Amino acid sequence: MIRKNTDYPLQPPRERGTGRAFAFALVMHALLGFFLYHGIQWQNSTPEGAEAELWTEVPDSVIPRPVTPPPVPVAPAPPVPDEQADIALQEKKRKQQEAAREAQLAEQQRQQKLQAQQEAEAKREQQLAAEQAAQLAAQKAAAAKQKQLQQQQQADKLKQQQLAEQKKQQLKEQQDEQQKQAEAEAQKKADAQKAAKAKAQAEAAAQAKKLDAERRARLAQMQGMAGPPGSTGNGLGKSGTGSGSGGNAASPGYADKVRRVVRPNISWGGETEGLETVIAVRCSPTGTLLSATIAHSSGNAAWDDAALRAVQRSDPMPQDIDGKTPGSFRITLRPAG
């Protein structure tokens, strides 16, 4: 037991029977002195001699007698007063008790220190285990997050590839559809142009045949409308849809309108002497040029082409005073010179 109050020194409790104990101790000391005295005294007695017959020769010699040492006087123990013996015994017991208490206290301190060390070691091991568990959990979480991120990236990449493939397929389908539509439209347009061209050529051929029959009879009239020789060479003739002189007749001033439209489009730098080309023209009521063909050649292919290009560049043709363009007429062209 450890005393918490250190103001007073520890004192052993006073025991009973101290006088009897000292008396018993004195008796024991007396007996001890008695036994010691007799134990030393019995060795000081001279041993008795013994007789023996010897059959062998014994040399004549005088055997010296052993010298007995004088006894060592033993001083008796001084008598110890009863009070001093009691104090010494109490002091000895007190020291023994203090030593026992100190040993017990040291043992308790050692046990407490050992227990504290064990608790600290256990706490440190628990903390280390917790840190390792937390680190392992963090590593697992990071690995799981990395794996999830990789899976998400792969899914996004696959989705982007699928979208790209879909867009590519859609674009290809659109291009194929557009190409088909373009081909269909081109074919349709080509067929329409071919049909229109064939129709125009047929109509032009029929009209040319019809107008050629009237050409000779009306040639003088057309030349008169074209102006005097040496002019710019633009003339206009009328044609009829039936026999005789009736048909799509133009007004007297329509030839001047055609001359003003066609003249700026003539591009010619060759000969001018004796060249005259007649162009047969077919137009819609709005003036759109439907066809232009050479009805009478001048004999010079270059001038014929220049005259035909000038008429084609003049599309649309001017309208007459009635707000409509004659359906067919002829233009006589001569180079300026």
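This is a predicted model: local features need pLDDT of at least 70, side-chain atom pairs count only at pLDDT 80 or more; totals for chains, interfaces and linings use all residues.

Visitor: What is the overall layout of the protein chain?

Guide: Along the sequence the pattern runs α-α-β-α-β-β-α-β. That comes to 4 helices and 4 strands. Of the 337 residues, 18% count as buried. The accessible surface is about 26300 Å², and carbon and sulfur atoms hold 56% of it.

Visitor: Why is phenylalanine 24 called exposed?

Guide: Its relative accessible area is 56%. The cut-off for exposed is over 50%. So phenylalanine 24 qualifies as exposed. Phenylalanine 24 sits in helix 1, residues 18–41.

Visitor: What makes arginine 94 and glutamate 98 a salt bridge?

Guide: Their closest N and O atoms are 2.4 Å apart. The rule asks for a distance within 4 Å, so the pair counts. Both residues lie in helix 2, residues 82–226. They are 4 residues apart, about one turn of the helix. Glu91 also belongs to the picture: Glu91, Arg94 and Glu98 are linked in a network of salt bridges.

Visitor: Are arginine 94 and glutamate 98 buried, exposed or partly exposed, and how do you know?

Guide: Arginine 94 has 22% relative accessibility. Glutamate 98 has 23%. Buried needs under 20% and exposed needs over 50%. Both values fall in between, so both residues are partly exposed.

Visitor: Which partner does arginine 259 have in its salt bridge?

Guide: Aspartate 256, with the closest N and O atoms 2.3 Å apart. Both are in helix 3, 3 residues apart. Arginine 259 has a relative accessible area of 14%, so under the 20% cut-off it is buried. Aspartate 256, at 34%, counts as partly exposed.

Visitor: How do you know that the span of helix 4 agrees with its number of residues?

Guide: Helix 4, residues 301–313, has 13 residues. At 1.5 Å a residue the span should be 18 Å. The end C-alpha atoms are 18 Å apart, so the two agree.

Visitor: What do the buried residues of helix 4 pack against?

Guide: Helix 3, strand 2, strand 3 and strand 4. Among the buried residues of helix 4 are Trp303, Asp304 and Leu308.

Visitor: Why are strand 2 and strand 3 called paired?

Guide: Strand 2 (277–283) and strand 3 (289–296) share 6 bridges in the antiparallel sense. Pairing asks for at least two, so they pair. Alanine 280 stands opposite threonine 293 in strand 3. The hairpin has 5 residues between the strands, and glycine 287 there takes a positive phi near 100°.

Methods
Residues are numbered from 1 along each chain as its sequence is written. Side-chain values use heavy atoms; hydrogens and water are left out. Buried means under 20% relative accessible area, exposed over 50%, partly exposed in between (1.4 Å probe, protein chains only). Accessible areas come from the Shrake-Rupley method with a 1.4 Å probe; for residues, only the protein chains shown count as cover. The expected span of a helix is 1.5 Å times one less than its number of residues. Contact means heavy atoms within 4.5 Å. A salt bridge is a side-chain nitrogen of Lys or Arg within 4 Å of a carboxyl oxygen of Asp or Glu.
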